[in-house]
Each structure stands twice: as C-alpha cells, then as structure tokens.
Amino acid sequence: MACSTRIRIAFVAAAAALMAVLPLQSSSAQGSVMNMSTSPPSPDPRVGLRAGETNAGEAVWNLRHVSLTPPSTKFINGVNSDLAFTGHYVIQGSFNGYQVWNIADPAHPTLATAYFCPASQSDVSVYGNLLFVSGESLTARLDCGGQGVQDTVSRDRLRGIRIFDISDIANPKNVANVQTCRGSHTHTIVVDPKDKANVYVYISGTSRVRSPSELTGCSGATSADDPNSALFRIEVIRVPLAHPELSAIVSSPRIFNGLMAPAKHGETPGDVAASAKEVADARAAGGFVAAVNGHESVVGAATVTPLLDSIVAARHGSGKPTAADSAALRASISSIIAAERGPQPAANAGPTQCHDITVYPAAGLAGGACGGYGLLLDISDPAHPRRLAAAADSNFSYWHSATFNNNATKILFSDEWGGGTQPKCRATDKMEWGADAIFTIVHGQMQFQSYYKMPAAQTPQENCVAHNGSLIPIPGRDVMIQAWYQGGISMFDWTDASHPKEIAYFDRGPIDASRLVLGGSWSAYWYNGEIVSSEIVRGLDVFELVPSAFISQNEIDAAKSVHFDYLNTQGQPKLVWPASFALARAYVDQLARSNGLTARRVAAVRESLSVAESATGGHRNRHLALLAASLRTDLRTSSDGAKVTMLAGAVRDLESIPR
C-alpha cells in the first residue's frame, strides 16, 4: 500500500469517526444550529403571524421556500385547487379551470397555458397525453363558457369528467366528456398492470343527483325505494387509450352496502354559541334563516337573491323585491332548501358517497375516504372494487383523503372537519378533531394507532384542517408532507405509527386580520425533488428540503434519486430507489440517529463506503462484498436489524453501478 493511500484512508477514518458524533448535516448555510436542533423553535413562530394577502408574515422550519408564483390574469381572485404532474409541468386545478406551469426551473415557474373553464372544483389527473378534469357545479358548461347554466334542466351542463388531449400542452383539446348523475367532486386514475389498453377512473360525486330529464337513469331516491339509486355508489369509467372519445361508465360499485351511520362528534361549545348568535343577529337584521333537519343556519345572499328574483318574476313584477316578497320567501325558504337537497337517506343510513379514493395498484389496494367511514378496498379487478374493511371514528367528522405507506402496511386518513372553510385549528379545538388517523393494516383489516394534527394554534380568521399531502421518498421511513389550508404545510414522520412527529413546516399569517377569507395550501406534494403547494389565493409555492436533525443530506439525495415521469397523488406509485452511495449512506445516517449501530461501527461503515466509492472495477466490488459480509455480522448485535438488512442490500446493489 502506498504511503499516500495509507494517509488518505487514515484521514477518511478520522473524519468518519468525527462525523459519527456530529449532527447529520451538510456544510451549507441551511445547516444552521437551529436546523440541527431536535426541538422545534419555541415559542412557535407560526403563532401570531402578520396578516396580509401579499405581505403576510412567514414562518419556516427545516424547509427552504424557493418561489411563489401568482395566478395568471383569468385566475386572479379565483380558488386554486389540486395538482397533477407530468414531465416538468405541474397542472394546477382551479374553480376557473386549470393552469399549466413549467417548473423546470423551480425558482422561476413559467405559464404554459391557462385554460378558462369554470367548474367545481376542477380536480386534475394526467396519464400519457390525457388530462382529466372533474366538474360538479350546476353552472359548469360543456363549452366552458363563463355565463353559467340558468335552467334547472339543460343539455349545456357538464357534471362529470372532461378529458383533454395535451400532446401539445400549450393547446389542450377537449376530446371527451363523460356525464355522471352526481358530477365529479374528485376522481382517481387507476392503472391496471394487466391492462395496457385502458385506464380506469373512479368518480366520487358529492352533489345532489341531477334530474333524469337531464341525464337518463339518474335517481335520487333512497336505495330502499330504488335499487338503482345514484346514491350509495361510485362510478367506474373505462378510458380506451387509443380512443378516449369512447370513454364510458362500465360499473357502479355499491361499496357502502351494509354500513350504518357512524357516531360523530358535535361542534365545540364555542361554535354552538357562535352559530346561535349568528342566527339571532340575522333574524334581528331581517336576514334569512333556514331550518333543515332540526339545524338552523343563515342563508347567504348568493342563495337568497335569485330566489327573491324568481318570486318577483312569478308575480310579473319589476324592480326590487317588496317586503311581501321577502316575507313569502322567509316562510318557505326551509322547504325550498330541503327540496334542493332532495330525498335524504334514513337517519341510520351509512355514507352515500366517497369524497376521495387513493389507489395503490402495486399493492392491489385502495383507501376510500367516504364521508363517515374510511374504507379499505380490493382493486385487483379495477372495474369492480370491493370492500375489505371499514373503520369509523366518533372523533372524525368527514373522512376526506387517504395515503398508504410504501409497503402498504399502514394507511392514513384525513378528516376535513368544517369542510375546509372553517377555522378548526384554534387553541380551543381538540387535537383529535380535524386531524389524521393512522392505522396499521393486518390481514386485510385496519387497526387504529394514533392521530396527527398540525400542532400550531391558528386564529379564528384562518380556515385550517387536515387536507391533501403525499409521501416524501426518504428510504426506510414513512415521511409525509401535508397541506393544512391557512395552517400552512406540515411535514411529519409516521414511521412509528403510534407516535407521529412534526419535523418541518411553512406557514403564513391570515389573509385578513379582521375576518375569515378562504385561503392557504390546498395540496402539498413531493415531485422529483421539489415540494409543490397549490395556494388557494396566492398562487403556486415551491419548497425544498434542507438538512436537519431529522433528515440528513444523504437522505435528501436518496429521495431526489426517485424520479417520476408523471404523478397523480391519488394514484399512489410504488417508491423504488436506484442503487446509489447516497442510498447506502442514508441508511447509515438512520442507524447513527437511532443508535442502531455503535458510533465506532458507524464510522467504520462510512469509511468503507468512502473507500469503495473511490475504487474502480474489481477493487470496488471486493470492498463492497467485504462490507456486505461484515454487515451480516452486525445483525446479531444491532438494535435495528431490519435497517441493517436494508443497508446490506443497498451495499450489494452498488456493485451494479459502473465506474
């Protein structure tokens, strides 16, 4: 051995031994002392942030804010919704249509197209050259016009799925529309590994059933009165990839059969009192109050104004409504709203629809967030999903979305208590309400483990509750980034399903300090090294991870090695890490953090990896083989044998990397 080689190895060993006792971080500016602390900043800087639409105060921990891009002209003052990704584009849904952003340079996203097509809520997904967009609003038009639909029954109305050809992404072409009885609040693309000619779309419609005069076969009756009711089911659409214009509903699975109404919590005492005061104040001011199913609520101007106009028209009047018109509406408004809602299921009936379904084709499973239940579904036959298990929880108000961990041994459901428009993260709100529920999956059944809720108290002026998120591909761990509306975004580790822990966040102050204005992060997803957030009012946010006491640079580099050609988060992909030294070192960092190996052994493994990385050809492979063999010995003494096994596998895979 040459002297210079001995010196180099000695230096590597000394450096590795030193690194074994230092925090896992890069030498970048982000690796600050604060970032290396295992305790979050105290007091929490998210509490008391300055309000403002464009100049709100911000708090960030263990993330870097890369960019904020405001909406394009026709989308200003709109409501941005969910995200889908293809290539270097992110497609951002909106109640005004959708925008396509080029994020090849995450610091400077550019607009590829802004497609004006009003609907609710324009949930988006992509597959190949096809873009799918949900429509549920009664005013959404087939021609994408902004004038809405005034008639009760109209052939101009779109309630279902729009399909676009985005081969030329700057000039999308509407190639098909599939109408459904309840419209599409959300949808999920299902890719069947056994069927290359088609994809399937699961439709979750949550609005009232349309008239059979508008779409044949639609029935809003209870299932007891009509076994073909559009309630108590989802729709499955088959999309022939060669001829998307032939897309059609192929089944309507009744995955709710036999479920009864679950126990639910009421509102907090403070909210009950506030609601009663709002009703009393509205009555005193001459407002309109409706009583439906024993609950009184104030009816807003958006509903009242057209009803008054119709009363004026019915009496062939002109000008403003009279006091008599208002009195007539006040006497009948409860029955009008009840009729609008249509026939309601029996009080003890289970859910009539899903809000969102996340499919995991690699595991043959789906998680259905279905009103009062979380469902585990078998999707081995995509056209005919069937229920395996159902979970109810009296702490949950509205089961909203689902996420599996990568090996499908756990599932997380979110609860959209308050519908996303109310402040449900106040200091007075229970941490079990409006949170995530984490379950393990054992023999096809779900076993509850814990709740996770973004821990920083928000103001009454901030709509806040659990919403959309995704896994971050950190190997060997279950880490998720999640949107919380005006609670910002929160990243947490749920590897230990019983003890989830927040490890990073970003938050802004409320849009308005004096009143609640809808805003915040609708979705926050990881895509090819970036975290992209759809901000309801402010536009499109992009973030990056930075090294911290919870995530090392090696773990970040390993996460960035996972590449997607496209991503629909509700079509959850299997995460697969290519062989890399960053992957092996990520496992070493995790063993150091958990004391799964002694500090001396961690230093030795790091030294061996450094020597192997510098070697070539057969010399490299011999070093790697020796390291893999020595790791088998570690299995007898390690407190984390499973992680040592992952590390040994990653080391063996390194032999396939050419040098």
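**Briefing**

Both W417 and W433 are buried, where buried means under 20% relative accessible area, exposed over 50% and partly exposed in between, with a 1.4 Å probe and protein chains only. This is a predicted model, in which local features need pLDDT of at least 70 and side-chain atom pairs count only at pLDDT 80 or more, while totals for chains, interfaces and linings use all residues. Residues are numbered from 1 along each chain as its sequence is written, and side-chain values use heavy atoms, with hydrogens and water left out.

**Aromatic pairs and charges over rings**

- W417 and W433 form an edge-to-face aromatic pair, 5.3 Å centre to centre with 90° between the planes; rings of Phe, Tyr and Trp (its six-membered ring) pair if their centres lie within 6.5 Å, and planes under 30 degrees apart count as stacked, over 60 as edge-to-face and the rest as tilted.
- W417 and W433 both lie in the loop between strand 22 (410-415) and strand 23 (436-442), so the pair ties together parts that are 16 residues apart in sequence; helices (H or I, at least four residues) and strands (E, at least two) are DSSP runs, numbered from the N terminus.
- The count of aromatic pairs comes to 20, and in one of them the ring centres of W61 and F550 are 5.8 Å apart with planes at 80°, so this pair is edge-to-face.
- That pair links distant parts of the chain, 489 residues apart, with W61 in strand 1 (residues 58-61) and F550 in the loop between strand 31 (539-545) and helix 6 (553-560); W61 and F550 are buried.
- One aromatic cluster is formed by F396, W399, F413, F439, F448 and Y451.
- The charged end of R46 sits over the ring of Y505, 3.6 Å from its centre, and R330 lies over the face of F288 at 4.5 Å from the ring centre; the criterion is NZ of Lys or CZ of Arg within 6 Å of the ring centre and within 35 degrees of the ring normal.

**Nonpolar core and its helices**

- The largest nonpolar core has 52 residues, and those with the most contacts inside it are F85, V90, L609, L631, L647 and V651; such a core is a set of buried Ala, Val, Leu, Ile, Met, Phe, Trp, Tyr and Cys residues joined through side-chain atoms within 4.5 Å.
- The largest share of this core, eight residues, comes from helix 7.
- V651 touches A584, L609, L624, L627, A628 and L631, not counting residues up to four places away in sequence, with contact meaning heavy atoms within 4.5 Å.
- Twelve of the 14 residues of helix 7 are buried, so this helix is largely enclosed by the rest of the structure, and its buried residues pack against helix 6, helix 8, helix 9 and helix 10.
- Just after helix 7, N595 takes a positive phi of about 60°.
- In helix 9 (residues 617-634), the buried residues are R620, L624, L627, A628, L631 and D634.
- Seen down the axis of helix 9, these buried residues fall within an arc of 100°, so they line one face of the helix; the arc is that of the directions from the helix axis to the C-beta atoms.

**A buried glycine**

- G205 is placed in the loop between strand 12 (198-204) and strand 13 (235-240), and at 10% relative accessibility G205 counts as buried.
- G205 touches E136, R182, G183, S184, H185 and Q353, not counting residues up to four places away in sequence.

Methods:
The expected span of a helix is 1.5 Å times one less than its number of residues.
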